[in-house]
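The points below are to be read alongside the sequence and the model.

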There are 2 protein chains.
Amino acid sequence: MRKILVIGSGKSSSYLIKYFLDKSSSEDLQLTVGDINTESAKKLIGDHPKGRAIELDVFNQESRQNAVKEADIVVSMLPARFHIEVAKDCISFGKNLVTASYVSQEMQDLDKDVKNKGLIFMNEIGVDPGIDHMSAMQVIDRIRDNGGEILLFESFTGGLVAPESDTNLWNYKFTWNPRNVVVAGQGGAAKFIQEGTYKYIPYHRLFRRTEFLDIDNFGRFEAYANRDSLKYQSVYGLDNVKTLYRGTMRRVGFSRAWNVFVQLGMTEDSYTIDDSENMSYRDFVNSFLPYSPTDSVELKFRHQLKIDQDDIVWDKFLELDIFNPKKRVELKKATPAQILQKILTDSWTLDPEDKDMIVMYHKFGYKLNGESHQIDATMVTVGEDQTYTAMAKTVGLPVAIATLGILNGKIKTPGVQIPISKEVYEPILEELKSLKIEFQEKEVPYFGYNPLNL
Amino acid sequence: MRKILVIGSGKSSSYLIKYFLDKSSSEDLQLTVGDINTESAKKLIGDHPKGRAIELDVFNQESRQNAVKEADIVVSMLPARFHIEVAKDCISFGKNLVTASYVSQEMQDLDKDVKNKGLIFMNEIGVDPGIDHMSAMQVIDRIRDNGGEILLFESFTGGLVAPESDTNLWNYKFTWNPRNVVVAGQGGAAKFIQEGTYKYIPYHRLFRRTEFLDIDNFGRFEAYANRDSLKYQSVYGLDNVKTLYRGTMRRVGFSRAWNVFVQLGMTEDSYTIDDSENMSYRDFVNSFLPYSPTDSVELKFRHQLKIDQDDIVWDKFLELDIFNPKKRVELKKATPAQILQKILTDSWTLDPEDKDMIVMYHKFGYKLNGESHQIDATMVTVGEDQTYTAMAKTVGLPVAIATLGILNGKIKTPGVQIPISKEVYEPILEELKSLKIEFQEKEVPYFGYNPLNL
């Protein structure tokens, strides 16, 4: 009997728990799910004989260490900042660890101890980061193994609403942390490489520098640049690449409308609005517009943003009801971003029957035998309902498969790591394919940005 | 013989030193000017029998304390962050102190000690802050003394180039610290009050929300909002005012053109540009524009900013030579703001014969006997040359007059203070008038923003 401890049973753990329970007989698994609140874990486990929920406060050393000690492997689904104590316990008691989070500096600093003990701490093995790493490295390694040289790598991910639940004018609902959506792109210029030149986009231009992406059967999307396009340049071995760009996908038209909020300053999070509690939505909008004794907030809004009378973007703002003088903000000392989040949550909350969707799009440009080629790879995963979401599926299944891979000795290289080696990504992508998380690849004419130079 | 110690002999000390030397006989003054480099002080003092320059390193406690000990009053013209040690010595040795700088928290914290010793530490007594405080409080106090209630206070200042030296398309040259001009407005939304409502303007909209101001004989100016409009609200006793706005003045058209740099991200100071050292001006501009194998940097620039073919703003950029592929940035690891500053310095540096100009514009709206009134007060000071600048005159003379006022016992209330009491501003403004620094006041129809409400 192999004992798996999962810490944290939040939104992204449904498929993870189901996977372990479904394999509990064939793989001889015993699952323990620890959380400070066991309600969700109990619901997900049901009366399955091989699963149990325990109360676990990650800040309580004794309860945490007792749970870790008993396990054969630990999966932490906690927010990233809570992993570190669990990680240290895993070193103390000689347990392997799996997380879907970015490797923090603290986590990276454990690498030597982890290797000394022969342990595996696998991180960034959800969807983004996770499936993006694995699917990109699989194609990049294949191109290189065939003697090709990578010229271009672009990668885009979006957490969206499924077509059948896509019922508003923004073609968007909150399927994950709303706050991250409201402040997305803030904190400095987006930086990337196009045809060998560094390019910079300041935040207030980000949503006007989008590009379009088409996915068979799912239509057209758009993408804006992430701040961190160069983060994995060296890790992926792309130091000599000519174009490197990472972005976030939305449905077409979202960014142009979102830009209006950015321009007005309604996404700012660095100061609080006076008397926000007693403001109406209309007052909030008006605080970013010049005073006028006669002109309406609507006309001032149109004028400031140069929104023509017949521009379809207008209906998006009406749909959000931002000009309503009766709806009150009711948040004390709130930042513009917090207030905007509240207004959006009124309209962008998933209905109980709504389904989410994860889309991913990679472009690989390369040179082989003197000729330029391009492979585009796309993945779309649609959720089943609001428990078994696409997000939970694409985050939880790679985590689960990696956990079993480590338990079964298929993944064996020790250290604090992310899934970019063949040993890790080959078996995981193979199994994900059987679970219907798979990429469609096609050869397309080389895209690049400078056909004249080829 | 009364001994005055001036510490620091930078750009703004020419008139200050001249004032003391001119009065040295009639007022029985002996002037010592201390600076780490005595060259400038020697030049300004010449062979005047009552002045001498001494080497003074403000970080050397012995030389600093010896100088302070010998003086009857100390004037610190150092940058604001260097005042504090001088201030502490002034307390130790029982000397009064005058500075033109904003009161830092450290300085404010000395208030109790200063009062206990019966000393006067007068700060913010240059032009802005300084003349703005005094001229505003004089009118505000007068309105109140007559039974009026202040409804509106707007105040604008600009450090500009004099009309006879106004020779470029931007109608602007650097007359003070260029860096402050390049990063002006950054660091959070501008906040002010219009007709009882708080208004917020994000940085990237600041230069598109200007207003026009006309000054007799000097024509039209424009102003953009300062970040700190509310800083002196309570100090001026304006807690119940309906409109409170402070701004920076430029010649018309400057802000619309400057906004282009803001939009592209060329004023950002939070990150460094890769290989900035070897970039041309053209490369720098291009790094904020999308890649294209065929389109020119010029056309991409026009397209991104929607600059029409016949828009006169275009010539402003050509004048700065920003598209030059041969001029090199030559700054290592520079931020966009640092690079832009260098490019602007090529074009905006004063010629030896150029004169600067300080403009100030106050609007006072008030209610008296049920009727609304408005007084507009304007001041323009033009420099004589590049030593005797308008900036040095408007900063140095109030400092000098205050110093003598304290020495002669006309200013006598102790404490760390700024010039907002009648005791201080009345004699100083009176003498400034005789030195041709004076405000033109006129009654105008009440401006307000809501004539319907009156």
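1. This is a predicted model. In it, Glu298(B) has a relative accessible area of 24% and is therefore partly exposed. Its salt-bridge partner is Arg282(B), with the closest N and O atoms 2.8 Å apart. Because Arg282(B) belongs to helix 10 (residues 281-286) of chain B and Glu298(B) to helix 11 (residues 297-305) of chain B, the pair ties together parts that are 16 residues apart in sequence.

2. A second salt bridge in chain B joins the side chains of Asp89(B) and Arg64(B), at 2.5 Å from N to O. Asp89(B) sits in helix 4 (residues 83-93) and Arg64(B) in helix 3 (residues 61-70), 25 residues apart. Both of these residues are buried.

3. In chain A, Asp311(A) and Arg256(A) form a salt bridge of 2.6 Å, N to O. The pair links distant parts of the chain, 55 residues apart: Asp311(A) is in the loop between helix 12 and helix 13, and Arg256(A) is in helix 10 (residues 254-264). Asp311(A) is buried, at 17% relative accessible area, whereas Arg256(A) is partly exposed, at 35%.

4. The loop between helix 12 (297-305) and helix 13 (313-320) of chain A also holds Lys306(A), which is exposed, with a relative accessible area of 70%. Lys306(A) contributes to a positive surface patch together with Arg208(A), Arg208(B) and Lys306(B).

5. As for overall form, chain A contains 16 helices and 16 strands. Of its 454 residues, 58% are buried.

Key:
Residues numbered from 1 in each chain as written. Chains lettered and ligands numbered in written order. Predicted model: local features only at pLDDT ≥ 70, side-chain atom pairs only at ≥ 80, totals over all residues. Heavy atoms only, no water. Patch = residues over 30% accessible without salt bridge, like charges linked within 9 Å, V, L, I, M, F, W, Y side chains within 5 Å. Areas by Shrake-Rupley, 256 points an atom, 1.4 Å probe, with all protein chains shown as cover. Salt bridge = Lys/Arg side-chain N within 4 Å of Asp/Glu carboxyl O. Lys, Arg positive; Asp, Glu negative; His and termini not counted. Charge placed at Lys NZ, Arg CZ, Asp CG, Glu CD. Helix = DSSP H or I, 4+ residues; strand = E, 2+ residues; numbered from the N terminus. Buried < 20%, exposed > 50% of the residue type's maximum accessible area, 1.4 Å probe, protein only.
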